[in-house]
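Happy to go through some side-chain pairings and surface labels with you.

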Amino acid sequence: MFRLPLGEWVDSAVDWLQTHLVWLFDAISSIVSGMFDGIAAVLSAPAPLLFAGIVAVIAWWLRGLPAALLTFVGFALIDSVELWDEAMDTLTLVLVATLVTLVIAVPLGIWASRSKTVSAVVRPVLDFMQTMPAMVYLIPGVIFFGVGVVPGIIATIIFALPPGVRMTELGIRQVDGELVEAAEAFGTTSRNTLLRVQLPLALPTIMAGINQVIMLGLSMVVIAGMVGGGGLGGSVYRAIGNVDVGLGFEAGISIVILAMYLDRMTGALGTVVSPLGRRAVVKARAMAEGWKIWTYRPQPVVAVAAIVALALVAGGMSVFGGSKDDTAGKTAQVGDGKKISIGYIPWDEGIASTFLWKEMLEQRGFEVDVKQYEAGALYTGMANGQIDFQTDSWLPVTHASYWKKYQDRLEDMGSWYAPTSLELAVPAYMKDVKSMEDLKGRASEFKGRIVGIEPSAGEMGLLKDKLLPGYGLDKEYKLIDGSTPSMLAELKRAYAKKEPIVVPLWSPHWAYNDFDLTKLKDPKGLWGKGDGIHTLARKGFSQENPEVAKWLKSFKMTEKQLTSLEAEIQKAGSGKEQEAVRTWLKDNSGVVDTWAPAPKAAQAVSGDDERKRPVEVAWFPWEEDIAATYLWKAVLEERGYTINLKQFEVGPMYAAMSRGQIDVQFDGWLPYTQKNYWDKYGDKLTDIGSWYGPTSIEVAVPDYVKDVTSLEDLKGKGSDFKGRIVGIEPGTATMENLKKNVLPQYGLDGEYEVVDSSTPGMLAELKRAYAKKEPIAVLLWTPHWAYNEYGMTKLKDPKKAFGEGDRLHTIASKEFPQQYPQLTKWFKDFELTEKQLGGLENEIQKRGAGHEEEAVKAWMDDNPGIADTMAPQ
């Protein structure tokens with residue numbers, strides 16, 4: 001029969017959507033992740049027991065005191081098993097998915113209830129959405145939104161949407177038609193009939209739908225954990241992958257507690273918000289005899305007051321966030337809190353190398369997030385830029401399909417272990433099985449199965465597609481999909497009973513040390529040549545993290561090192577991988593400094609680390625000075641220095657620097673503009689060198705002033721310019737030169753007044769005049785962002801009254817080279833191009849005063865590697 005290429009059509013449609021609607025997916029991702037981050041911040045803010053108290057008060061109001069006590073005990077139990085953060089992430093995921101679902105489901109249900117056509121169209125769509133296996137939604141979710149919480153939330157929304165729509169439609173359709181007719185008979189509009197009659201009476205059914213939406217959302221958390229959704233679902237997924245019964249039970253019971261709480265509370269809330277429900281509650285209270293503590297429920301105002309009181313207590317205990325320790329001054333702190341995400345597949349060498357790098361990077365000051373993924377999701381996440389790197393890529397054979405698909409969006413950091421080998425293995429007590437060919441005709445002994453690992457693993461693909469058919473075993477043996485830990489657990493069980501078993505393994509692997517196993521020979525060479533274990537990173541990682549990339553590229557492990565680390569992790573048990581790494585590092589001292597060498601401490605002439613002494617940096621409000629000063633502040637703080645900035649006028653700055661009160665400034669216009677200050681204080685200062693030039697000083701006018709292109713053209717036009725040239729800070733050599741030299745030489749001193757101002761004041765006046773198309777003459781210089789922002793004409797200076805162009809110099813105190821030899825070297829080598837300086841000035845100008853550090857960070861992100869160019873380690 002002709003094969004319908006449905007899958008190919010779907011692939012084509014997905015490719016088209018990726019190409020043409022990426023902006024929409026990015027927008028949805030930003031909105032959903034923003035909602036998640038916001039709600040997560042609120043839920044994670046109070047201390048766990050305070051939050052448990054808040055939800056217990058809600059339970060007391062809605063269900064009574066026993067429910068409140070059980071709620072507090074349940075949430076305290078989650079905290080006691082150290083899964084609080086994961087529980088809050090799961091609760092956030094469910095709340096976000098529920099909110100978005102209700103925004104879609106309720107209006108759609110109302111529409112369906114009022115239109116038989118809409119109902120008929122929607123019903124099969126809802127059937128399709130609810131019966132499609134939930135995991136299928138993850139595939140387009142990962143493709144369109146990458147890995148993380150967003151695809152998990154989107155899949156949850158799709159899966160949970162049908163009951164919300166159905167129950168809303170059902171609730172409205174069940175409202176007594178006579179009531180609706182009565183409302184319409186009294187002249188009630190269709191809108192008011194819906195809002196005041198149908199929806200209030202349908203509320204119990206709608207609330208039941210909301211309850212189902214929440215429950216279905218919770219049922220999706222484990223599936224969301226498979227694509228990096230985190231939370232309790234991630235813990236369950238990790239437990240499944242590692243066959244960790246303890247962690248699985250703890251995460252599972254935590255999900256049950258959340259589910260029971262949300263189920264009971266939404267059910268009770270349905271009673272409270274329903275008119276019929278409220279009447280029933282009042283009637284029940286009236287029939288109750290006496291006052292019983294167990295049945296007493298506080299009034300809403302009392303419950304709200306209690307919640308507010310607990311929130312205020314939480315605030316008073318400073319549990320709404322805290323500051324991290326400042327590690328800037330430590331010699332090993334290269335990362336300075338920068339976040340790096342590492343993904344891994346639960347293969348032993350992947351676990352070992354991942355947690356090894358987590359520990360080493362954290363010792364170097366990075367904040368490292370580690371998550372377990374399926375191989376496909378891991379490669380997709382890296383290709384989409386959501387995962388920084390992974391250390392367990394078997395190339396060129398095992399992971400060839402993933403590399404072929406994503407190689408243009410990945411960086412290969414090189415192989416850190418080789419050669420490897422893939423093989424099938426049997427226990428050594430199977431004396432007569434030495435080769436793949438020996439398995440032929442013996443399926444009954446092995447129960448007709450080969451116990452496999454993750455179905456997405458490249459080794460499993462090779463087994464199914466090449467090895468088993470190649471040796472004629474594909475009809476005789478079934479390859480069982482599983483996970484690496486489950487395969488090893490089955491091997492351990494069979495080995496203990498001396499039962500025949502055949503499993504896919506690879507070298508290196510600790511199993512060869514723990515069990516006596518035989519690697520089955522592959523005489524046909526179908527496994528191919530041995531792979532190397534590579535570190536792969538997302539595109540652009542090396543530019544953004546050059547130091548880490550350098551470490552990863554140089555990283556190598558011997559078989560002894562790797563197998564001993566794997567054995568240590570195996571001995572420590574699941575969930576204690578980093579503890580095992582720390583134990584192993586103690587027994588292998590020096591490897592951290594070999595694999596991730598920290599920069600040596602910069603030493604002053606005295607022998608002390610020069611970073612112990614804060615650097616006093618002066619600046620004045622000229623754009624290039626602001627740019628250079630805040631750029632160096634960002635770079636040097638990354639290198640562990642403490643930078644104190646102080647704003648000055650030019651004269652006081654030179655005076656303070658000559659007395660040693662200021663260490664350095666980056667805007668010395670020499671040899672002309674600041675000549676008088678250099679002549680006065682130069683013998684007490686150090687000229688470290690020029691970082692930009694040549695510059696120029698000029699008078700400029702807007703280009704809509706068509707007949708003024710030279711200083712000579714200003715003659716006789718004083719009335720057009722209100723008889724003034726708007727200047728900058730008084731006392732600067734530039735202003736003095738303009739007043740005493742430039743204007744007199746061109747005969748303008750009697751016609752024009754140079755207005756003393758400031759650089760920001762001059763620019764504000766220029767902006768105002770430019771907006772009104774008024775003539776204005778201002779003192780400017782090159783480089784300056786104003787020439788990019790406005791159409792300006794630099795007035796020619798044929799008499800060279802402004803002098804030759806300056807260069808921008810770094811000027812320091814006399815003792816600076818002895819106190820800061822490393823900084824002196826960096827400053828001497830410092831240079832910026834006109835494009836770099838103009839781009840940085842524009843970024844600062846765009847973000848506005850007070851946001852200079854944000855602007856510099858954004859500019860540095862757009863210019864990766866600049867810090868290592870300016871201050872190489």
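Q: Why does Asp 432 count as partly exposed?
A: Buried means under 20% relative accessible area, exposed means over 50%, and partly exposed is what lies in between (1.4 Å probe, protein chains only). Asp 432 has 47% relative accessibility, so the label is partly exposed. A word on the basis: this is a predicted model, in which local features need pLDDT of at least 70 and side-chain atom pairs count only at pLDDT 80 or more, while totals for chains, interfaces and linings use all residues. Residues are numbered from 1 along each chain as its sequence is written, and side-chain values use heavy atoms, with hydrogens and water left out.

Q: What makes the contact of Arg 442 and Asp 432 a salt bridge?
A: The term asks for a side-chain nitrogen of Lys or Arg within 4 Å of a carboxyl oxygen of Asp or Glu. Here the N to O distance is 2.9 Å, so the pair qualifies. Both residues lie in the loop between strand S5 (421-427) and strand S6 (449-451), so the bridge ties together parts 10 residues apart in sequence. Helices (H or I, at least four residues) and strands (E, at least two) are DSSP runs, numbered from the N terminus.

Q: Is Arg 442 buried or exposed?
A: With 14% relative accessibility, Arg 442 counts as buried.

Q: How do you know that Glu 359 and Arg 582 form a salt bridge?
A: Their side chains meet at 2.9 Å, N to O. This pair links distant parts of the chain, with Glu 359 in helix H16 (residues 348-363) and Arg 582 in helix H25 (residues 577-587), 223 residues apart. Glu 359 is buried because its relative accessible area is 7%, whereas Arg 582, at 40%, counts as partly exposed.

Q: Why are Asp 679 and Lys 675 separated by about one helical turn?
A: Because they are four residues apart in helix H29 (residues 675-681). Asp 679 counts as exposed because its relative accessibility is 52%, while Lys 675, at 43%, counts as partly exposed.

Q: How many salt bridges does this rule give?
A: The count comes to 33.

Q: Which residues are linked in a network of salt bridges?
A: Lys 722, Arg 724, Glu 765, Arg 768 and Glu 774 are linked in this way.
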